[in-house]
Amino acid sequence: MDLQITYSILFFCLTVQVNCNPHLSKQDVALLAAEPYPACFTRTFSDFTCFWEAPMGKSYDFLYQIEDDAESRCNISQQDSAEGKILHVCVFPDTDVHIFAYTQVRVVDKDSNTTVYNRTLHVEDNCLFNPPSNVFLDYTGKAGQILVKWPAPTEHKDHVQYELRYTSKALQDTVKLKKGSSCEHTLLSLVPGQPCTVQIRSKFSFADTGGHWSDWTPSVTVTVPQTAADIELMCHTSDLRQVRCQWNKERYGYASLHYRQTDRNIWGNWKTCENSNASASQCVLCGDECTMFQVYLTATFGLLNQTFYMDVFRMNNSIKTGPPGGLIGELIGERLCLRWICPLPQISDHLMYQVRYQLQEESKWKYFTVHNSSTSICLDVQASGQYTIQIQASPNGSFYSGNWSAWSKPFTKQLNSKAGLLFIALVPFGLLIISVVLFSSSSRYVSKIKKFLWPPVPNLNDVLDNFLKDIDGQHWELNGSIKQSDDDTPASVLEIMSEKEAQVMKKPSWPPNCTHFPQYQLVMDNNMEYAVPGLEMIREYVILKSSHDISSLTGNDYVYGLNALSDPLEGNICCYSSLCSDTFSSSTTTTILNHSYLQAEVGSLSTITNHYTNLENQ
């Protein structure tokens with residue numbers, strides 16, 4: 001009985017090996033769906049398979065020719081396909097598979113004896129390899145990054161091209177790598193804390209455009225690393241001998257800390273924090289101030305492990321001292337002076353401090369930073385009341401750096417300063433004084449500017465009225481009420497006499513040195529001064545003749561034409577002045593002609609009576 005079963009199995013195996021062709025999977029057909037018929041591929045360079053799809057009831061011949069060899073016929077097998085079609089498959093004999101040689105293939109319809117498909121192929125350009133296996137996802141040591149690794153092929157690895165497909169939350173992308181690339185790739189800018197799924201496929205070809213993409217590998221998923229801030233992981237030292245790492249255990253539950261540190265600038269192996277140095281949410285590491293550390297946490301949340309990475313740090317750059325102690329203060333004048341004790345004396349020259357104070361009635365703190373290493377400061381107090389004061393310390397960043405320490409214990413001080421109220425009371429008074437000073441100064445300067453731009457001008461109407469009144473009274477008195485400027489030349493006094501007074505006066509003889517006015521005569525007294533008897537010596541008297549031509553008028557001329565047609569007066573002119581000399585001429589007079597006093601135009605006057613002129617010697 002057993003012998004019969006054994007023979008039956010052997011016969012079945014021989015039958016399968018002789019009559020059965022390899023089965024073509026649906027996945028293979030799908031991968032080559034974009035290829036023209038007949039679609040062909042090889043997996044090991046020693047096999048070559050071609051197939052095409054046709055309706056049921058059709059029969060075909062598959063013919064192929066390798067370069068100049070004779071054309072051969074291939075045995076065709078059939079498989080059921082979708083939608084009621086038949087898949088025709090040709091598997092080349094091993095002896096007819098040649099690489100780097102072209103193969104001419106064609107499909108002939110037996111019913112019509114016509115060629116349906118015709119192609120020229122190369123075996124090495126139609127590779128369909130299996131996808132990479134054992135895809136591995138690793139961390140780079142930074143948040144938001146994943147390192148993808150896979151094994152390299154044993155042969156022809158420089159002719160293999162890879163493509164990665166990954167998804168992370170709403171992010172989905174595909175990355176194609178160049179031929180000859182290493183079998184690893186880093187994915188950047190991923191969403192921290194979110195699952196990331198990665199797949200890879202490959203394509204082999206000696207040419208740039210040949211080959212078929214393989215199927216995608218099974219998906220591999222890992223959680224994208226997060227930052228240390230997501231779990232509030234912080235590492236610092238307070239004494240430059242030990243580093244204490246702490247985190248928030250309430251957010252993700254239990255977490256394990258992994259670290260490595262340098263020894264003489266050489267990185268050591270990764271270690272897990274021992275139970276003796278770790279509690280539920282902290283771990284203590286030992287080293288010196290030049291030791292470098294790299295730390296990350298792993299926590300299990302659901303089905304995935306979550307990782308939290310911290311940047312590499314050095315002990316002297318991660319200092320967080322204790323709060324300053326011994327804070328005291330005293331009031332000196334109107335200033336509150338504070339003193340405290342340095343929390344880390346070995347780096348006291350590299351520390352700075354920050355003070356905050358608050359009045360009892362206020363809700364906000366006021367801050368003041370002491371940028372030097374001094375452990376005392378004086379604050380200006382502007383209001384009385386109870387103050388609450390605290391202080392904290394931090395490295396100044398010159399050589400040591402780190403974080404601010406915790407605030408010191410609060411120090412309270414009751415102050416009774418009145419400086420603030422006094423200052424508020426004096427503000428209005430000070431503003432008033434400033435306003436008065438500015439107003440007085442501006443008034444003085446405005447007056448000076450006004451006098452400079454608009455100098456005072458005498459009232460011409462008053463001057464003219466007084467002048468006319470003096471003429472009518474035949475006596476001109478100098479009006480002392482009129483203020484003259486320093487630059488004005490005093491006007492000559494002119495007295496008008498009647499005709500009778502002129503006739504009574506003795507007709508004087510004209511001095512020989514007054515040659516410029518021959519028509520006038522002067523009387524000289526014993527003191528060699530010219531004068532008119534009966535008149536005061538301080539005055540100048542001029543007797544005007546009506547025969548004087550108006551064309552010779554110079555200086556301030558006045559024409560009085562009451563009787564232009566009357567008989568001309570017979571009279572002579574007498575000049576009584578020490579100013580009359582040989583140099584006296586019309587050039588020494590002030591040439592001012594006030595035409596507003598003329599009663600008739602100059603051109604129409606042939607004979608003018610009572611012609612008056614005032615001559616001034618410069």
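Trainee: Is Arg-106 buried, exposed or partly exposed?

Mentor: Arg-106 counts as partly exposed, at 24% relative accessibility. Buried means under 20% relative accessible area, exposed means over 50%, and partly exposed is in between, with a 1.4 Å probe and protein chains only. Before you go on, this is a predicted model: local features need pLDDT of at least 70, side-chain atom pairs count only at pLDDT 80 or more, and totals for chains, interfaces and linings use all residues. Residues are numbered from 1 along each chain as its sequence is written, and side-chain values use heavy atoms, with hydrogens and water left out.

Trainee: Which side chain meets Arg-106 in a salt bridge?

Mentor: Glu-71 does, at 2.8 Å, N to O. Glu-71 lies in the loop between E3 and E4, and Arg-106 in strand E7 (residues 102-109), so the pair ties together parts 35 residues apart in sequence. Glu-71 is partly exposed, with a relative accessible area of 39%.

Trainee: What counts as a salt bridge here?

Mentor: A side-chain nitrogen of Lys or Arg within 4 Å of a carboxyl oxygen of Asp or Glu. Side chains of opposite charge can pair when their charged atoms come close.

Trainee: How many salt bridges does that rule give?

Mentor: The count comes to 10.

Trainee: What about Arg-73, which side chain does it meet?

Mentor: Asp-61, in a salt bridge of 2.8 Å, N to O. Arg-73 sits in strand E4 (residues 72-74) and Asp-61 in strand E3 (residues 60-66), so this pair links distant parts of the chain, 12 residues apart. Helices (H or I, at least four residues) and strands (E, at least two) are DSSP runs, numbered from the N terminus.

Trainee: Are those two buried or exposed?

Mentor: One of each. Arg-73 counts as exposed at 53% relative accessibility, whereas Asp-61 is buried at 18%.

Trainee: And which residue forms a salt bridge with Arg-339?

Mentor: Glu-330, with the closest N and O atoms 3.3 Å apart. Arg-339 is partly exposed at 40%, and Glu-330 is partly exposed at 37%.

Trainee: Which residues are joined into one network by shared partners?

Mentor: Asp-61, Arg-73 and Lys-110, through their salt bridges.

Trainee: Switching to backbone. Where is the cis peptide bond at Pro-38?

Mentor: From Tyr-37 to Pro-38, with omega near -5°. Pro-38 lies in the loop between helix H2 (26-31) and strand E1 (39-41). Most peptide bonds are trans.

Trainee: What is the phi of Glu-232?

Mentor: Positive, about 60°, although Glu-232 is not a glycine. Most residues other than glycine have a negative phi. Glu-232 lies in the loop between strand E16 (226-227) and strand E17 (234-236). Glu-232 is partly exposed, at 47%.

Trainee: And Arg-264, what is its phi?

Mentor: Also positive, about 60°, and Arg-264 is not a glycine. Arg-264 is in the loop between strand E19 (255-263) and strand E20 (266-267). Arg-264 is exposed, with a relative accessible area of 79%.

Trainee: Last topic, the surface. Which residues make the nonpolar patch?

Mentor: Val-427, Leu-431, Ile-434 and Leu-438, making about 380 Å². Patch residues have over 30% relative accessible area and no salt bridge; like charges are joined within 9 Å, nonpolar side chains (Val, Leu, Ile, Met, Phe, Trp, Tyr) within 5 Å. Accessible areas come from the Shrake-Rupley method with a 1.4 Å probe; for residues, only the protein chains shown count as cover.

Trainee: Where does Leu-438 lie?

Mentor: In helix H4 (residues 419-453). Leu-438 counts as exposed, at 57% relative accessibility.
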